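Good morning, and thank you for coming.

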Amino acid sequence: NKDAQMRATINQKLIETGERERLKELLRAKLIECGWKDQLKAHCKDVIKEKGLEHVTVDDLVAEITPKGRALVPDSVKKELLQRIRTFLAQHASL
Amino acid sequence: ASVLLFQAKSCICHMCGAHLNRLHSCLYCVFFGCFTKKHIHEHAKTKRHNLAIDLLYGGIYCFMCQDYIYDKDMEQIAKEEQRKAWKLQAFTPTMVSHYQCTMTGIGEKYSTWEPTKRELELLRHNPKRRKITTNCTIGLRGLINLGNTCFMNCIVQALTHTPLLRDFFLSDRHKCEMQSPSSCLVCEMSTLFQEFYSGHRSPHIPYRLLHLVWTHARHLAGYEQQDAHEFLIAALDVLHRHCKGDDNGKKANNPNHCNCIIDQIFTGGLQSDVTCQVCHGVSTTIDPFWDISLDLPGSSTPFWPLSPGSDGSVVNGESHVSGTTTLTDCLRRFTRPEHLGSSAKIKCSGCHSYQESTKQLTMKKLPIVACFHLKRFEHSAKLRRKITTYVSFPLELDMTPFMASSKESRMNGQYQQPTDSLNNDNKYSLFAVVNHQGTLESGHYTSFIRQHKDQWFKCDDAIITKASIKDVLDSEGYLLFYHKQFLEYE
């Protein structure tokens with residue numbers, strides 16, 4: 001599968017150069033800034049209240065909040081990260 | 001870089017090769033598997049390896065309990081490893097404030113405080129809590145005079161009221177590096193802060209501090225009256241050395257690379273520019289300083305005129321009233337270009353010969369706490385006397401005109417910034433004043449210190465009294481302590 005192979009190669013390059021860590025930190029900061037982290041935290045608490053603390057597992061939470069988390073990421077953040085990755089790829093054109 | 005390469009190549013699922021999907025590592029053998037695609041689950045079932053670790057967050061998953069579990073010992077290990085990893089990281093977050101760096105130590109990850117069992121026990125056994133109101137006098141305590149030790153008491157008062165120093169010691173940031181902690185001056189300072197903030201109103205007897213000072217700064221030992229300024233410099237030096245565990249000054253201490261709390265708070269950089277009068281080449285050196293010693297009018301070195309062609313511009317809101325010398329006057333004199341004369345020619349690297357030159361001092365880097373020493377004690381070959389000229393000093397001081405950067409913009413013909421400019425980094429507030437009454441032979445030191453925002457107190461050894469701002473500003477002034485108003489992000 002050519003797509004998966006390309007993904008793997010890009011990922012390797014990102015890790016090797018340390019860019020992956022930098023992007024992660026950038027994303028982390030942006031998501032805290034725009035309140036995304038707080039929103040999801042609140043949602044988690046709601047899920048736990050609903051299901052009861054004794055019965056809920058991490059998997060339940062992951063299943064519940066993953067779609068919401070993905071949807072709530074602001075477009076501006078997506079744009080910025082995409083731009084960063086594009087710049088990175090342009091600089092490592094040998095790929 | 002090779003570590004990253006290894007990680008890039010090996011952190012993939014052993015079944016499908018993906019690097020996403022919540023990769024987990026088996027804790028029994030070398031196996032990485034996706035969580036989302038259940039590859040790690042398969043491995044656990046077939047091999048009966050029931051524990052795995054999440055490679056992203058470090059959570060431990062138990063396949064029998066079918067959930068993440070929280071084990072105290074594992075949490076401890078995880079915390080320790082995270083701390084180590086943080087230190088190794090090449091990447092550092094840009095938004096760590098200067099204050100945070102001072103408090104946690106450079107490059108340490110911020111983590112919220114969690115009380116240990118012992119700490120919880122202590123908190124439960126000591127339920128009394130102190131509330132800091134505007135009128136409370138916590139932090140104020142008198143000091144017994146142990147025989148002409150008022151010079152030491154004043155400096156102790158100034159140091160215990162230096163906000164950053166207080167925060168450092170009260171949050172227990174000192175980890176003793178000395179071979180024998182009983183001879184550590186920094187540990188003693190820590191104890192001193194505890195005494196001052198204990199709430200006791202009786203005066204404290206600083207006999208241990210005195211003994212440590214006598215041991216580590218021999219030139220100050222004995223029962224005669226000493227110079228408070230000399231004591232300040234000696235104390236800062238010993239504290240700075242003891243922060244590094246240097247007991248007898250043997251270790252080479254590079255003042256430019258020291259990160260101890262003393263250097264973080266008190267060390268500034270003084271720039272000295274020597275300009276050759278022939279080729280106009282400039283030779284620049286920057287030296288660290290803990291205080292600025294200022295000459296006064298009435299000393300044997302002439303004070304006026306300040307500098308060739310100096311104007312009577314308004315600085316720091318004071319216009320020069322003839323007769324009254326101001327702190328700003330002293331600073332202008334300190335930073336004026338000085339012609340070095342024909343008997344003190346400097347070898348010019350541009351001209352390759354000895355030439356006459358001018359020398360000028362400016363501030364390259366301002367310390368968080370700036371201490372100004374008015375040179376009132378004259379010890380020349382001919383006479384020993386005290387200069388009692390009144391020098392007026394302000395509550396708020398702007399150091400912008402004395403900065404190396406300001407000098408550069410003046411020389412480049414740039415318009416001099418108005419004094420209430422946007423540059424907040426050079427603004428200081430007065431928080432302590434040490435005064436000397438009497439003569440060189442017999443005198444007494446007292447100090448004024450600031451508590452909260454506008455309350456001042458006079459400290460006369462064991463006696464603490466409320467003082468007005470007028471009392472402070474009318475006093476003669478020997479050592480003036482100013483604190484930066486704004487602590488910027490690095």
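This is a predicted model: local features need pLDDT of at least 70, side-chain atom pairs count only at pLDDT 80 or more; totals for chains, interfaces and linings use all residues.

The side chains of B:Arg22 and A:Asp59 meet in a salt bridge, with 3.5 Å from N to O. A salt bridge here is a side-chain nitrogen of Lys or Arg within 4 Å of a carboxyl oxygen of Asp or Glu. Between chain B and chain A the count is 1 salt bridge.

Residues are numbered from 1 along each chain as its sequence is written, chains are lettered from A and ligands numbered from 1 in the order in which they are written, and side-chain values use heavy atoms, with hydrogens and water left out.

Let us stay with the interface. How many residues of chain B are in contact with chain A? There are 17, and they touch 17 residues of chain A; contact means heavy atoms within 4.5 Å. The area buried between the two chains is about 1400 Å², and carbon and sulfur atoms give 61% of that area. Buried area is the accessible area (1.4 Å probe) that two parts lose on being put together, summed over both.

Chain A has 5 helices and 0 strands. Helices (H or I, at least four residues) and strands (E, at least two) are DSSP runs, numbered from the N terminus. Of the 95 residues of chain A, 26% count as buried, where buried means under 20% relative accessible area, exposed over 50%, and partly exposed in between (1.4 Å probe, protein chains only).

Next come the aromatic rings. Rings of Phe, Tyr and Trp (its six-membered ring) pair if their centres lie within 6.5 Å; planes under 30 degrees apart count as stacked, over 60 as edge-to-face and the rest as tilted. Over all chains, this rule gives 12 aromatic pairs. One of them is the stacked pair of B:Phe193 and B:Tyr197, at 6.5 Å centre to centre and 10 degrees between the planes. Both B:Phe193 and B:Tyr197 are buried.

Why is the pair of B:Tyr445 and B:Tyr478 tilted? Its planes stand at 40 degrees, with the ring centres 6.1 Å apart, so the pair counts as tilted. B:Tyr445 lies in strand β20 (residues 443-451) and B:Tyr478 in the loop between α14 (469-474) and β23 (479-484), so the pair ties together parts of chain B that are 33 residues apart in sequence. B:Tyr445 is buried at a relative accessible area of 2%, and B:Tyr478 is buried at 1%. Elsewhere, ring pairs link B:Phe35, B:Tyr61, B:Phe63 and B:Tyr68 into a cluster.

Is B:Gln360 buried or exposed? B:Gln360 counts as buried, at 14% relative accessibility. A polar atom of its side chain lies 2.8 Å from the backbone oxygen of B:Thr335. Leaving aside neighbours within four places in sequence, the residues in contact with B:Gln360 include B:Gln271, B:Arg336 and B:Lys407.

Thank you for your attention.

Methods: A polar contact is a pair of N or O atoms within 3.5 Å; within protein, one must be able to donate a hydrogen and the other to accept it, and residues adjacent in sequence count only if both atoms are side-chain atoms.
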